[in-house]
Structure formats: structure tokens, C-alpha cells
Amino acid sequence: MSKHGIRIEHLSKRYGSGDTAVDALKDVNMNVAPGEVVGLIGPSGSGKSTLLKSLGAVITPTSGKMTLGEQTIFEQDWKVSDLRALRRDKIGFIFQSPYLIPFLDVVDNVALLPMLAGVSNSEARARALELLTALDVHHRAQAFPSQLSGGEQQRVAIARGLINRPPVILADEPTAPLDSERAMAVIRILNDMAKKFETAIIVVTHDEKIIPTFKRIYHIRDGVTTEEVGEGRLPD
Amino acid sequence: MISLAGRDILHSWGKFIFTGIGLGLLIGVTFVMAGVYRGMVDDGKALLDNSGADLWVVQQNTLGPYAESSSLNDDLYRTISAMPGVAEVANVTYLTMQVRKEERDVRAMVVGIVPGDRFAAPGWPPYLVAGRYLTRGHYEAVADVATGFVIGDTVRIRRKDFTIVGLTRRMVSSSGDPMIFIPLKDAQEAQFLKDNDATWQSRRRTEANPAFNQPGSSAITQAVIDSQTTNSFVNAILVRLDAHVSQDEMAQRISRWKRLTVYTRAEMEEILLGKLIATSARQISMFLVILAIVSAAIIAFIIYTLTMDKIREIAVLKLIGTRNRTIAAMIMQQALVLGIIGFVIGKITAAFAAPLFPKHVLLLTQDAFIGLFLVLVISALSSVIAIRMALKVDPAEAIGG
């Protein structure tokens, strides 16, 4: 693993053309190192979601460069041919709502990604159980998502995001549906996991109570990012 | 590799089973409709098989005796029986009517055959399941068990009573009516017999006609009246040939020299299947097409709804790198499973329902296999709309904003 987990340089994204063109991202630069958890904060319509989709290789930027570890993902007009495989193997996602698959139990929700990648079911489940144990939710391994509390669901979603040991995890408002105590628990887990698995984690949030936990914060407004040093006060 | 479709079905099995039951009842109706058609064909073939004839000699230029009325003199069989290559000949009459037993009546085809000891003669039922064949010249009957009559019952045909002396099975007309065999003379009379008032009126009109009732020639009047009240016609002559004789050749010879129309077994089958039940077959085919379309619409709607319910999960699956073909396979497998559940329930429903129908419903194993194949094809095609919709889902939908 290189010293940077994910890096974007001069990234721009324009929707539409001519008079109706909208520049959602303008010359954005960002660098998140392995094991680091950074915040991405901005009001609605600031370009946050576009940046997240670009980082998640869901949309292709208009210009700029993005690298993941040593691998270049986008560079000007060029991009990796199989973005789907890239998302599966190199990027973990955690959403505001956990979006767990309702017909799979907890262990299979987590083990699904490696199973789809061709890992044997038993090995994938063993890896999933290991993660669930680390996240202290292994006792609900056989439960279905509808039987879990909100906090448990989010921990399972974190486990799913980590299962392939991706170099980067994108967390979109992961604490929004949780109370303060559970929100802090999730942040603590994300920090622990980032260190344990050398993963770069970008947390998009509006949640005032977790902002002081970041050591670095990227603010985004009108498609332009600015970097700020945060307090980095992690809960005990 | 995990089966997403299988896990989804196991998780919401109730939804699949209940939908499958609804679909199965529809498929069951489809099977029964196909069985009704097969039953009609089978009845037609049974009619020909059971007649034991190689040739059907009928009135010239008619499609008799089953598809059109045909009338032949009952002494014509003698000249045919004298032709080389002819093994056996028998007169036969057919009349479909209501046969009454006390307060109950049954629609049946009354067949007139020559009684006696020629039990294997054309037109006779090939076997009995109870009782004996007709041995007396009058007032005895052999009935198909489907009539519900039993040995010893007395049934009324026109103005005469007949005693059931034997029972046979699967002797039916082309429209599925059970047969009742009675002596030929009684059958001829039954076809021709008028009620008393009509007979009296006919005699009066004959006597009033100066051409038939000339002074001093009362014998002429009596002869005309006698001819009016007797019937010397039959509907067909059934011919069985020697083993080495060609049906086509013999049919040509009889029609050429006797000026009659003669049908071989193949031609008679064509008349029965191609003309007599053709309209019914088309009617049933239309029903089958409509039922297939309705089944497809139901499967498509259910699968579409189930997929719509999972649209967010599908977006997440695509975002985290699930292949399109994995998602398409999940949806198609669910449609196929739904189809298979429907097929199994439909087959069971048809098997239990078929005997309850008043006419012969024949469920063939080959039809079940064809049905299974069609159900799978329809299920697969029905899932296309849902698959297209799922593949169009943008993985970005999983990310807010």
C-alpha cells in the first residue's frame, strides 16, 4: 500500500453543456492516507454527492485524476475499464440507511461481496464472522436485517464495507439515523477499523456531534473544496 | 456461489406459494382445456377403433354417418359382402337422442346392430365389462357404463322399452355421448317411428289421395301405408377386409361399382378430426392462447412488483460491484420458480379436476412436458420487463443527493 489511500487532483465534473452546463465540481483536490478518517462537509447542492459518486467510481469526472493506492482510476479522458470490479474489490460503501439485503441473514449480508467475487461460501462466511466479532455484532449473525436495531444494522453495514479489505471506504451520513451515543460508537468503530485494516475512510456528514472527531475536514461549497484541520477528539 | 433468488424465495416463501397457487389454478384450467381437446380427439378415435371397420360405406356424396346424415338401403350389404376381399359386412344405424329411465334421461348415441352370435362383427362393442351381448332380435340393449345404467334396468327409446343385458366401456360418440346398442330392426324403427297422431294423419292423407286409393284397388293403399310405416334404411355399412386387401383399392372398387361413397379409416379420421371437431379445437386453441397470455401477464406483473420492491437493494448490489448477469439471473430464476410452482399446482389441480368433468378429459404425459416447457419459456419471457428495469437502475441511486 502506498502512503496515500486515495488521491484526487484537479477533479472537475460538469453536467450538461452550453448555457445549461453546471459545474458540480471545480478543481477539487483531496488526499486521504491509509488508516485516516476524514470528514467531508458541505450544504445541500454543494457538490458533495457528486464528489462521493466520483470517489466511488460511479460517475466519470469531466477532467482531473484519481488514484487509489498506486492505481490510476481516472485521468483526463481515460478510465479503468471495469469500474464495477473496481468498486467490488477496492471501494467499500456505508450508507445513511444500511440498505442491507432483507432476504439474507447478517452473516450472508456481509459475506455476499466475496461470494460474488468467487470466494467459497465457507471462507466468505468465516471472514464475515471475524469482522462481525470485531464489530461486536457476531451474536446476531443468523438474524435478518429486520430483526436488528438501527445501531446493529449500521455495524453490519460497516462490516460489509470492510469485508474485501478495500483501501478506501466511503461513508455517506453513516450516523444520521443514530442517537449521539450510537453515532459516537460508529465513529469509534470506523477509526478502529481504519487503523486495523489500513483503510482510508471518507465520512460525508452533516452531523454536528461527530465533526469534532475528525483530524482533517474537507469543506465543499459550490463545487470547491477547502481543507481544515479538525479537533480530532475521539470519544473514549 | 450464493443463490440470491433461492434465498429471496425462502425468505418470502408465503408470497411465492400463494402467488404460485393462483397461477397454478390458471395453469390447471389450461391443462384441463387441453385435456378436453385431447378427450375429443380420443373419443373420435375410440369411435373408429371400436367400430372395428376398415371401410365405411355411406350415401353417395355425404360425409356420413358421423358428420352428416346418410341413408342406405339395408339390403345393399349383400352385394358388398359378395365382393372378393371383403371379410365381414354389417349394417349399422346411429341416432343421438335422450334415452329415458323412469324420471331420468341420458343423452346417448343409440346404435343399431345385427344381434346374434357374430360378436366380433363390425359395429359391435369389442368387449363387455358385464353381462352379455345382444342375442334376441328385439328389446335388449347393451349400454356404456357412462350412461349410469346397470344390468336389468329398463330404458325407454321412443315408444319401446329395452332391458339392459350388458355393459361396455369407452364406447362413445365423437361428441363424447355414451353409446347404447340395440337390435338393428328396433333401431330402424326408432329412427323412423312417428307418434300415433302423426301415423293416423299420414294414413288419412294417403287414403285421401286418389292416386293411392283408387276404387277397387285397396291393396295399393295398404301397400303404400305399409311402406310409410316401415324403415328399410341404415346409416352406413361397415366393412372389414381380408388381411391382404388394400383399403384404398377396395374403397375405389365399391364406390365405382356400387355408386356409393366409401371412406377408409384414414379418411374417416380426417372427417372426424378435421371437420367435426375442428371448430371446437380452434375454440379451445383460442382459450389456450388467452390463458397463456393471462399467465404471462400475471407472472410478469408479480415479478415486476417483486423487483420494484427491491429496487434500492438492486442499486446497492450494483454499487458494490454485483454483475448485471447476477441480478438478471436472480430475477429470471424467481420467475422460473414461480412458473414451476404454478406448473406443479396446475398439474395436481388438473389431475383431480379432470374426472369431475362430464365428458372425457384426457391428460397426456406429453402435454405435461410441453406445458412445463411452455411455462418455463413464458416465465423467462415474463421476467424480461423486470430484468430490463433492474439493469437500468443507476448504482448512484444508492448514494443520496
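In the predicted model, 6 residue pairs are in polar contact between chain A and chain B, with both residues of each pair at pLDDT 80 or more. The side of chain A that touches chain B draws two or more residues from each of helix 1 (48-55), helix 2 (83-90), helix 3 (106-116) and helix 4 (121-134) of chain A, and helix 3 of chain A provides the largest share, with 5 residues. By residue class, this side of chain A divides into 15 nonpolar, 2 polar and 9 charged residues. Between the two chains 2 salt bridges are counted, and the side chains of Arg7(B) and Asp108(A) meet in a salt bridge with an N to O distance of 2.4 Å.

The contact involves 26 residues from chain A and 26 residues from chain B, and the area buried between them is about 2,500 Å², of which 68% is given by carbon and sulfur atoms. On the side of chain A, the residues that lose the most area to chain B are Tyr99(A), Phe103(A) and Leu116(A), which together account for 28% of what that side buries.

Within chain A, 5 strands form an open sheet with antiparallel pairing, in the order 2-1-4-5-6, and strand 2 (22-32) and strand 6 (78-79) of chain A are the edge strands, each pairing on one side only. Strand 5 (residues 71-75) and strand 6 of chain A run antiparallel and are joined by 2 bridges, with Trp78(A) in strand 6 as the bridge partner of Glu75(A). Helix 2 of chain A packs on this sheet, where it touches strand 4 (63-68), strand 5 and strand 6 of chain A, and its direction makes about 135° with that of strand 5 of chain A.

How values were computed. Residues are numbered from 1 along each chain as its sequence is written. Chains are lettered from A and ligands numbered from 1 in the order in which they are written. This is a predicted model: local features need pLDDT of at least 70, side-chain atom pairs count only at pLDDT 80 or more; totals for chains, interfaces and linings use all residues. Side-chain values use heavy atoms; hydrogens and water are left out. Contact means heavy atoms within 4.5 Å. Buried area is the accessible area (1.4 Å probe) that two parts lose on being put together, summed over both. A salt bridge is a side-chain nitrogen of Lys or Arg within 4 Å of a carboxyl oxygen of Asp or Glu. A polar contact is a pair of N or O atoms within 3.5 Å; within protein, one must be able to donate a hydrogen and the other to accept it, and residues adjacent in sequence count only if both atoms are side-chain atoms. Helices (H or I, at least four residues) and strands (E, at least two) are DSSP runs, numbered from the N terminus. Ala, Val, Leu, Ile, Met, Phe, Trp, Tyr, Cys and Pro count as nonpolar, Asp, Glu, Lys and Arg as charged, and the others, Gly among them, as polar. Two strands pair if DSSP finds at least two bridges between them. Axes are lines fitted to C-alpha atoms, for helices over the stretch in contact, and angles run from 0 to 180 degrees between N-to-C directions.
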